[in-house]
Amino acid sequence: MRSATRLALLAGWLGYVLIPWYLPEGMSLAGYPFGKGGTALALVLSGTTPWLAPIGIALVFASLLSARQENAATGKLLAWIGLAGLVVFFAQGFSITLKDQGMPALAALLGGAGAAQPGMGFGALVTLVSLLLLLCHGLAYRGVCRGDLFTTSSIGIVVMLIALFIFLPVSTILRSALVDSSGALVLGEFVERFFSRTIWGLGCLTANTNCGVAWNTLILAVLTGVITTLLGLACALLILRTGMPGKRAMRLLTVLPIITPPFVIGLALILLFGRSGLFSTLLFDWFGVPRSRWIYGLPGVLLAQVLAFAPIAFLVLIGVVQGIAPSLEEASQTLGAKRWTTFRTVTWPLLRPGLANAFLLGFVESMADFGNPLVLGGNFEVLSTKIFFAVVGAAHNQGQAAVLAVVLLGFTLAAFWAQQYWLGSKSYTTVTGKGDSGLPTPLPRRITWISALVIGPWIALTAVIYVVILMGGFVKTMGRDHTPTLQHYITGFSIDFSRGLYFDGSAWPSFFTTLKLAAISAPLTATIGLLTAYLLTRQRFAGRGALEFATMLSFAIPGTVLGVAYILAFNVPPVEITGTGLILIIAFVFRNMPVGVRSGIAGLSQIDRSLDEASATLSARSFTTLWRVVLPLLRPALVAALVYSFVRSMTTVSAVIFLVSAEYNLATAYIVGRVEAGEFGLAIAYSSVLIVVMAIGISLIQLGVGERKLGRRGTTPALASSAAEPIKQG
């Protein structure tokens, strides 16, 4: 056997023999890995946990194979041993839980009738990974994925993570749609809830009533997806294909909304366009325009979501625009095509992967967002707010929330299918192993002017909003009392130097906790997301399409529902981690992972497979190819994944509002608490501090990752324009 397989087997024995198997009660994350308690072997020998004995037997059989020659027969036996160990591991874990719960029949079969066991600890985790790797290595020895251990192991780990931390909690909450409080199946109630008029009603077309929340949500999501994609594309084209001044400032302003905590953009829009807002007052005083409540409803929610989610489209599309090979556009102009014809027939088709992924992310983000509709929705109800009130409202109805989540998932599945259909099986490769010193074709004048006209109002409104946000922390009460003050910052972020360096402001604990968890989760999110994208685009294996869709599940489910699902799934054995920082990190990672996946897929669709093949021809393993060839070309996608996961970990509220604890309180939970208490100045001041911190974090991420080098001539757009003239004349 290879040394990697022996190392995996050694890890399994360490987890089974030396590391405590269970998590002691009341243990915090700080003591999670090596808490006091018995090892699996000691517990089996004492007769306490006979159901763990088969796992040790599987390790014994795997050890007997370690001296055998590496071949298909050995691989088959190793794969069966790993699979059997995994089956027993999960069977005992989910059947023997709390007393009188779990699966009594299966528990009795495993020798644990009437028994209970606490949540699994680090010993169980290490053993689980070992058994999984033994299964994957056995499949590799049989020739699966060309016998590459890294590829088979990566697929196995990604599938396991998605199954545990996406499929399990989502299926737990969706199961509530089909059963009542006693656990009995109620299909009749499900059908009645699913086809309710409040969901699918068309009263806005046939009568003077509101349409169902499903149609409201769909219209809002489609509009948001289209507008954010066009704005992101226009911004990427202007920055990369023109010599317009102020591109650095424009790039900063386009990213600011994504690093803004929840409710703040909605609050700023109310201060600007509400009945007593700044612009509403000016229009009434100067032009006699009556004050109105137009900001509450579809227009206000759409405006807030466009401001919040357009930067996501920009982050995806800027890497795609940058990756288009200039030689293809030069070839078009050499054949006599004008700039507009080149853009329409060459550039635009090559942008399709980025456009499709940007639209899908904007569509799904709009559907899952509940903060902006909650603040600005008024009578315009959407699925996310209905789910929120079904979960936390006075009339708590978990079954109704689950039905609404099923509808939302249906829309997401339809959008995912439409994206795949639109892209088809065409090739969008533009980054190959050949040298490409072509010059990017300047934009057609009409595209430049249209992009500038579209971007101008967006940039201007964004700038005004952030002026309002920054001012709000330095005045007593924004909109009523504009007396300058620093009291909000002193309350939240004061430092006492009389006792040394003592952070005694009320906001410091949540700030440090949030920063620590975001710094941990961001690289994990980017790593898992880009690795998953690499496997989906570069490998062929059974269930690849299902895995790609599964990665979008946590993104499609509203954050509030996902938080409740995590509580239901991980508040009891075998995975008992609620109240720890670990569950927050897991929620951050798998909530934000889809952005890394979609960015990676869009970037990889431009990179020719011949680069991978050339690396393999030189006897490089797939890990070496990924690390030294593919990853340097995926730097824009890596930046997008790191930036998005970092700022979302700093600013998310819906997915973690039910997961925070006294020990692990987060910045967003603190801000929401201040808003509910009417302390808007302190909330805005804290938000301003977070914006500055995240801006610094983004700069460090971009500096650390660096720029992608494609071996093309560095030329200003003006020079590119002059260089293109002889081509057109010829």
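Here is a short chat about a predicted model, covering its core, its salt bridges and one of its helices.

Colleague: Hi! Before we start, what kind of model is this?

Modeller: Hi! This is a predicted model.

Colleague: Thanks. How many residues does the largest nonpolar core have?

Modeller: The largest nonpolar core has 214 residues. Those with the most contacts inside it are Trp21, Leu269, Ile455, Ile465, Tyr566, Phe590 and Tyr686.

Colleague: And which helix gives the largest share of this core?

Modeller: That is helix α15, residues 298–323, with 17 residues in the core.

Colleague: Let me pick Tyr686. What is tyrosine 686 in contact with, leaving aside neighbours within four places in sequence?

Modeller: Tyrosine 686 is in contact with Phe493, Ala507, Ser510, Phe511, Ala667, Tyr670 and Ile671.

Colleague: Nice. New topic: how many salt bridges does a search of the whole structure find?

Modeller: The search finds 4 salt bridges. In one of them, the side chains of arginine 648 and glutamate 365 meet at 3.6 Å, N to O.

Colleague: Where do arginine 648 and glutamate 365 sit?

Modeller: Arginine 648 is in helix α31 (residues 635–651) and glutamate 365 is in helix α18 (residues 352–368). The pair links distant parts of the chain, 283 residues apart.

Colleague: Is glutamate 365 buried or exposed?

Modeller: Glutamate 365 is buried, with a relative accessible area of 8%. Arginine 648 is buried as well, with a relative accessible area of 14%.

Colleague: What does arginine 538 form a salt bridge with?

Modeller: Its partner is aspartate 612, and the closest N and O atoms are 3.1 Å apart. This pair also links distant parts of the chain: arginine 538 lies in helix α24 (residues 508–538) and aspartate 612 in helix α29 (residues 609–617), 74 residues apart. Both arginine 538 and aspartate 612 are buried.

Colleague: What about aspartate 148, where is its place?

Modeller: You'll find aspartate 148 in the loop between α6 (122–141) and α7 (149–175). Aspartate 148 is buried yet has no salt bridge.

Colleague: Oh, why no salt bridge for aspartate 148?

Modeller: The nearest side chain of opposite charge, arginine 621, is 4.4 Å away, and a salt bridge needs the nitrogen and oxygen within 4 Å. Aspartate 148 does touch Arg621, along with Ala140 and Ser622, not counting residues up to four places away in sequence.

Colleague: Last one: which residues of helix α16 are buried?

Modeller: In α16 (residues 326–334) they are Pro326, Glu329, Ser332 and Gln333. Seen down the axis of α16, the buried residues fall within an arc of 120°, so they line one face of the helix.

How values were computed
Residues numbered from 1 in each chain as written. Predicted model: local features only at pLDDT ≥ 70, side-chain atom pairs only at ≥ 80, totals over all residues. Heavy atoms only, no water. Core = buried A, V, L, I, M, F, W, Y, C linked by side-chain atoms within 4.5 Å. Buried < 20%, exposed > 50% of the residue type's maximum accessible area, 1.4 Å probe, protein only. Helix = DSSP H or I, 4+ residues; strand = E, 2+ residues; numbered from the N terminus. Contact = heavy atoms within 4.5 Å. Lys, Arg positive; Asp, Glu negative; His and termini not counted. Arc of directions from axis to C-beta.
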